[in-house]
Amino acid sequence: MTLLIKNANEVITLKSVLQGPRIKEQMREIAVVEKGSVLVAGSQIVAVGAYEQLVIDFPHLVQEAEVIDASGKIVMPGLVDCHTHLVHGGTREQEFNMRLNGSTYMDIMNAGGGIHATTKRTRETSFEALYKKTMHHLDVFLKHGVTTVEAKSGYGLDWETEKKQLEVAKKLQDTHVVDVISTFMGAHAVPRDFKGREDEFVDVIINDMLPKVSALELAEFNDVFCEKGVFTPAQSRRILEAGKALGLTPKIHADEIEPYNGAELAADVGAISAEHLLVASDEGIQNMAEAGTIAVLLPGTAFFLRAPFARGRLMIDEGVPVAISTDFNPGSSPTMSLPFIMNLACMHMGLTLEEVITATTINAAHALNRGHQIGTLEAGKQADVIILDVANYKQLQYFYGMNHTDTVIKKGQVVVRHGIVL
């Protein structure tokens, strides 16, 4: 199939000679083509440019193409949501209500809430029910312009449930149009029956779970929640190094609640990304910049928990490559609207209009080791393209709290038209 997206007000290509994630002023260079068109053949982009030039360069392809008129709209790469807890059982709206009525985190935990509440529900929910629920979530992501999603496990804390989560994600990768990239996160919390025996649970992850994840090819990445009261930096290092030895690329939940040398650890172990970083130290930020570790910032979590936002502006200025994600999960960021998260990044983290586009396309793609394949609009890249019903890219954040997605093209196929999943 051949597609021609024609006469867009702007095509934001993010094309660059750079091979890695963008840093500093590079994050503002989004390469806008005015009155541009995009030619797609099969699952790949053939060319981007003026319609008149495409007619000259590719006359036969243009002639046979299905035409999508993008007049008055903008075109850009499909959004990449590089940090979610996509597969889980249940919801936790009662905790939200408790917080609004003054309950603390510990009050909620003592009432049976928190991550262990979701663990219980996920253990109880069948594979089929989890699959059906997550399929719906992916449809919502797709309607918001997201064409690639990372999915973490971590709501099992035992092998059977962790395996179930990862197998749901794997089946969705095979059956849903959105690309689902899996991360093993057995080290999301310490199970209650291992309280006081935390090192024993670390041994279970290293000696039992990680080898099975690797052998069954259930995940590409290995994540750990390095936080006081969860996993220490020493325990986190053991888990991440063990995963590396099995071919799993390290990620790390770092410095979310208290400074805990998580950013420093991410840089030291060669993690592809460190996530959250609300209270990362100056030294940790500098170390990440030197190591090229991507900061995956999650403004929705800070917003929902009414916590201080991560210092995104400082991180970019210091040379850390920054990506932005929803952190979709039932406890601290129950949203599938990456466009709204982009609004928050501009309003509360100091990112510019251009930087937030970079952070949710090419830099987010690199946080999933997919920068060579997606995240920009240029010849040879996978044809993940969205058409947005705004006159220019500056309106994306100006008209905040709205979903501007009109059309979504995934691997060269139109999968959302006029906001409706086909």
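Mentor: Let's start with a helix axis: it is a line fitted to C-alpha atoms over the stretch in contact, and an angle between two axes runs from 0 to 180 degrees between N-to-C directions. Keep in mind that this is a predicted model.

Trainee: Okay, at what angle do helix α6 and helix α7 pack, and how far apart are their axes?

Mentor: Take α6 as residues 127–143 and α7 as residues 159–175; they pack at about 50°, and their axes are 10 Å apart. Angles under 35 degrees count as roughly parallel and 65 to 115 as roughly perpendicular, so α6 is oblique to α7. As for handedness, α6 passes α7 in a right-handed crossing.

Trainee: Which residues make the contact?

Mentor: On the α6 side, look for F127, L130, Y131, T134, M135 and L138. On the α7 side, find K164, E167, V168, K171, L172 and T175.

Trainee: Now for α7 and helix α8: at what angle do they pack?

Mentor: Helix α8 covers residues 198–215, and α7 packs with α8 at about 25°, with axes 11 Å apart. With angles under 35 degrees counted as roughly parallel, α7 and α8 are therefore roughly parallel to each other. Their crossing is right-handed.

Trainee: Which residues of α7 meet which residues of α8?

Mentor: From α7 come W159, E162 and L166, and they meet D208, M209, K212 and V213 in α8. The contact of α7 with α8 has four nonpolar residues, no polar ones and three charged.

Trainee: Let's zoom out. What domains does the domain assignment give?

Mentor: Domain 1 comes in two stretches, 2–77 + 375–421, while domain 2 is 79–368. The C-alpha centres of domain 1 and domain 2 lie 29 Å apart.

Trainee: And how do I read the interface? How many residues of domain 1 are in contact with domain 2?

Mentor: Counting residues is one way: 36 residues of domain 1 touch 38 residues of domain 2. The size of an interface is also often given as the accessible area lost when the parts come together. Here, about 3000 Å² is buried between domain 1 and domain 2, and carbon and sulfur atoms give 67% of that.

Trainee: Which three residues supply more than any other three of the area domain 1 buries?

Mentor: Go and find M27, R28 and Q397: they supply 23% of the area that domain 1 buries against domain 2.

Methods:
Residues numbered from 1 in each chain as written. Predicted model: local features only at pLDDT ≥ 70, side-chain atom pairs only at ≥ 80, totals over all residues. Heavy atoms only, no water. Helix = DSSP H or I, 4+ residues; strand = E, 2+ residues; numbered from the N terminus. Parallel < 35°, antiparallel > 145°, perpendicular 65-115°, else oblique. Left-handed = near helix turned anticlockwise from the far one by under 90°. Contact = heavy atoms within 4.5 Å. Domains from an automatic or database assignment. Buried area = accessible area lost by both parts, 1.4 Å probe. Nonpolar A, V, L, I, M, F, W, Y, C, P; charged D, E, K, R; others polar.
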